[in-house]
Amino acid sequence: MTAEEQRAFFEDQGYLVLEDFMTAAEVDTCETEIDHLHRFAASLAAEDPRRLDFQLEPYVDAAAQDGHDLPLLRKIEQTRDYSDIFCDLAAHPKLIDTVRLLLGDDLLLFRSTLMLKPALHGSVHALHQDSAYWPMDPPSLVTVSIALNDSAADNGCIQVIPGSHKWGMRDWGLIAQDKDKPLTQRDDLDLSRLTPMPLTAGSALLFHSLVVHGSGPNNSPRPRHTALYAYFPPTVHYRPKPGAAREKTVPVIHGLGGRSTLTLAADA
Ligand SMILES: O=C(O)CCC(=O)C(=O)O
């Protein structure tokens, strides 16, 4: 696809796949780093506030966890704070070229997370729209999910409803679900267009923050590791809920005169 075709596809369907933008060596480095981060999580004292960024699979019982020397993590938030590797991955030139195509040259980062589905234990991520949970307006960010190992339906790859970014925003409720639960319990969604997005390691799925998406359980003997980032242009404003911080400082990934961060202030 030409750049113009990629942009038109994203505008129409709400998603785009970027195949094999990472080298095998870059993918290996990320996988090794995920191992380090699990060891780091295991080393944190129970009262250490950083533990909140390392979330255990919610439906794994103590007996299953006891069989593993490392914690069965569902996700790691704020990965830029814990890892230079995942800090740099957010600004990978080949990825950023594509994000710039969709959002323009000035790029800010809203989120840097690892979504992990441990082998045999990965839980369901119920269908939702990212923007329904984010204090950002207008709701037009781009989420990028980078496969760090091959992901397919059996280990819980992301599934999207193409075109659903045109539906407007809905309410979704709790996202994490047990492994035997369906992707949604809502009956007002046409699931006939729900499309699995298998990815080879080193490829990425980019999607609009209003696209309805989720992922099934991981019942396979392989983990599913993805790095997730969300980007936005300076035309998107910070609109915190009452009681939340009135300012938010975010990393600049590209443009904005080469500065490294920008502090967003909520309107008075
Ligand atoms: O990676 C996944 O399985 C889903 C992640 C996701 O939908 C999210 O974090 O909003």
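Strand S13 (224–232) is largely enclosed by the rest of the structure, because 9 of its 9 residues are buried. A residue is buried if 20 or more other C-beta atoms lie within 10 Å of its own, exposed if 12 or fewer, and partly exposed in between; these C-beta atoms are placed from the backbone. Strands, like helices, are DSSP runs numbered from the N terminus (E, at least two residues, for strands; H or I, at least four, for helices). Both faces of S13 are covered. On one side, Arg224, Thr226, Leu228, Ala230 and Phe232 are buried. On the other, His225, Ala227, Tyr229 and Tyr231 are buried.

The model is predicted; local features need pLDDT of at least 70, side-chain atom pairs count only at pLDDT 80 or more, and totals for chains, interfaces and linings use all residues. Residues are numbered from 1 along each chain as its sequence is written.

S13 has strand partners. Two strands pair if DSSP finds at least two bridges between them. S4 and S13 pair in the antiparallel sense over 9 bridges. Within this pairing, Met115 stands opposite Thr226 of S13. Strand S7 (residues 142–147) also pairs with S13 in the antiparallel sense, over 6 bridges. There, the bridge partner of Ala147 is Thr226 in S13.

The pairing continues through S4 (residues 107–117), which runs antiparallel to S3 and is joined to it by 2 bridges. Lys75 has Met115 of S4 as its bridge partner. S3 (residues 73–76) is in turn joined to strand S2 (residues 54–56) by 3 bridges, and these two strands run antiparallel. Lys75 in S3 stands opposite Gln55.

Another set of 5 strands forms an open sheet. The order is S9-S5-S12-S8-S10, with antiparallel pairing. Strand S9 (176–177) and strand S10 (195–196) are the edge strands, each pairing on one side only. Inside the sheet, strand S5 (residues 124–128) and S12 pair over 2 bridges in the antiparallel sense. His125 has Ser215 of S12 as its bridge partner.

Which residues surround the ligand? They are Met115, His125, Asp130, Ser145, Ile158, His213, Ser215, Thr226 and Leu228. A residue is near a molecule if its C-beta atom, placed from the backbone, lies within 6 Å of it. Strand S12 (213–215) and strand S13 each supply at least two residues of this shell. By class, the shell has 3 nonpolar, 5 polar and 1 charged residues. Here Ala, Val, Leu, Ile, Met, Phe, Trp, Tyr, Cys and Pro count as nonpolar, Asp, Glu, Lys and Arg as charged, and the others, Gly among them, as polar.

In soluble globular proteins, nonpolar side chains tend to be buried together. The largest nonpolar core in this model has 63 residues. Such a core is a set of buried Ala, Val, Leu, Ile, Met, Phe, Trp, Tyr and Cys residues joined through C-beta atoms within 7 Å. Val144, Leu206, Ala227 and Tyr231 have the most contacts inside it. S4 contributes the largest share of this core, 7 residues. Val144 touches Leu95, Val99, Ala204, Leu206, Leu228 and Tyr229, not counting residues up to four places away in sequence. Two residues are in contact if their C-beta atoms, placed from the backbone, lie within 7 Å.

Two loop residues were also examined. Thr200 is found in the loop between S10 and strand S11 (204–208). Thr200 counts as partly exposed because 13 other C-beta atoms lie within 10 Å. With residues up to four places away in sequence not counted, Thr200 touches Asp20, Ala147 and Asp150. Ala152 lies in the loop between S7 and strand S8 (158–160). Ala152 is partly exposed because it has 16 C-beta neighbours inside 10 Å. Leaving aside neighbours within four places in sequence, Ala152 is in contact with Cys157 and Pro198. Ala152 and Met197 are 45 residues apart in sequence, yet 7.3 Å apart in space, C-alpha to C-alpha.

The whole protein has 6 helices and 16 strands. Buried residues make up 40% of its 268 residues. The radius of gyration is 18 Å, which agrees with the value near 18 Å for a compact globule of 268 residues. This radius is taken over C-alpha atoms, and the globule rule is 2.2 Å times the number of residues to the power 0.38. The C-alpha trace spans about 50 × 45 × 40 Å along its principal axes. Of the contacts with a separation of 6 or more, 85% are between residues 24 or more positions apart.
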